[in-house]
Amino acid sequence: MRYLDEFNDPELARRLLDEIRATTTRPWALMEVCGGQTHSIIRHGIDQLLPDEVELIHGPGCPVCVTPLECIDKALEIAARPDVIFCSFGDMLRVPGTDRDLFRVRGEGGDVRVVYSPLDALQLARRHPDKQVVFFAIGFETTAPANAMAVHQARRLGLANFTLLVSHVRVPPAIEAIMTAPACRVQGFLAAGHVCSVMGMAEYPGLAERHGVPVVVTGFEPLDILEGIRRTVGQLERGEHRVENAYARAVRPDGNPAAIRMIEEVFEVTDRSWRGIGRIPGSGWRLNEAYRDFDAEHRFDVTGIRTEEPAECRAGEVLQGLIKPTDCAAFGTTCTPRTPLGATMVSSEGACAAYHLYRRMSEPARPREEMNPVG
């Protein structure tokens with residue numbers, strides 16, 4: 001058994017940083033895909049420890065952040081109904097919709113409950129046959145197997161009062177969209193290790209080949225991230241663009257076959273809108289025809305809700321890696337964790353939340369030699 005302390009060793013971090021500095025001969029721009037990686041980078045100051053030539057661009061890998069505004073408004077409409085118990089993970093409750101959030105709906109009398117698993121919501125449906133129980137099924141590939149299992153069990157148990165409001169998104173099409181955007185500067189990717197632990201790595205070689213970018217599957221601890229950067233920079237310096245697995249302790253090339261089978265039984269690929277980014281072809285899942293009776297959008301007839309993003313919020317640019325949170329005039333002033341304009345300030349994995357939490361908006365960068373690589 002390896003302990004997390006092994007992946008926070010300052011001496012090993014310094015060695016990896018030395019290797020990165022020794023390898024780097026020209027500017028490179030890398031994108032970490034996952035919001036959990038972004039928080040680790042900002043918390044430990046990894047981006048400030050790297051050579052000036054290596055820039056880290058924060059990607060759209062926060063499931064709460066990319067859940068589109070129209071889906072939030074659909075959740076608010078359903079949750080306000082008197083016959084509904086609306087279940088969600090806690091980080092969705094403060095994500096702003098057009099004019100309120102789920103906390104406001106609960107304060108106004110809606111039965112909104114925080115659960116820790118979709119199976120918790122399933123149990124509520126069994127205990128409350130007189131209520132419609134809706135689970136807000138958001139997330140990347142990591143949460144899809146559990147959500148698929150919940151609706152699979154609901155059908156097996158004959159629970160007609162259980163539905164999912166689905167806003168699942170898939171990472172590889174988002175990378176494709178980023179690479180084909182006119183303003184893209186990304187030259188290499190640190191792929192999200194937890195996504196690959198479910199889905200494997202099969203979709204990434206094609207991306208790497210089409211766009212000439214290395215893709216390194218990376219974990220979340222400081223040494224994981226530094227090793228991912230070291231491998232990515234090494235490939236770029238050698239003119240290579242391969243897929244590498246730097247998170248072998250958790251990721252197998254074929255992922256988790258049982259989880260993939262469950263996803264394929266319940267969901268089908270669909271186009272999906274990403275908050276602040278727009279519609280990306282083939283970037284999401286929805287319930288397939290066999291499970292359509294468990295689709296909350298259809299049961300509650302909210303498919304026609306359409307919304308527009310607030311102009312003053314630049315979260316979409318942050319999610320695309322076009323700006324840093326501190327480039328937004330609202331950051332830390334009119335937009336704070338207490339008064340968020342967008343989901344990137346609310347979510348525990350949002351880039352704006354990371355910058356605000358670790359005071360990146362006001363504290364000047366310390367000299368590199370004074371910084372603790374993993375402190």
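Two strands pair if DSSP finds at least two bridges between them. Strands (E, at least two residues) and helices (H or I, at least four) are DSSP runs, numbered from the N terminus.

This is a predicted model: local features need pLDDT of at least 70, side-chain atom pairs count only at pLDDT 80 or more, and totals for chains, interfaces and linings use all residues. Residues are numbered from 1 along each chain as its sequence is written, and side-chain values use heavy atoms, with hydrogens and water left out.

**Stop 1: a paired couple.** Select Ile85. Opposite stands Asp111 in S4. Now select strand S3, residues 84-88. S3 and S4 pair in the parallel sense, over four bridges.

**Stop 2: the whole sheet.** Select six strands in the order S4-S3-S5-S6-S11-S10. They form an open sheet with mixed pairing. Look at the edges: S4 (111-114) and S10 (267-274) each have a single partner strand, so one side of each is left without a neighbour in the sheet. From one strand to the next, the twist averages 25°.

**Stop 3: a helix on the sheet.** Select helix H13, residues 257-266. H13 packs on the sheet and touches S10 and strand S11 (278-287). Contact means heavy atoms within 4.5 Å. The direction of H13 makes about 80° with that of S10. Such angles run from 0 to 180 degrees between N-to-C directions, with axes fitted to C-alpha atoms, for helices over the stretch in contact.

**Stop 4: Ser273.** Select Ser273, in strand S10. Is Ser273 buried or exposed? Ser273 is buried (under 20% relative accessible area; exposed is over 50%, partly exposed in between; 1.4 Å probe, protein chains only), with a value of 16%. Leaving aside neighbours within four places in sequence, Ser273 is in contact with Val66, Pro68, Gly278 and Arg279.
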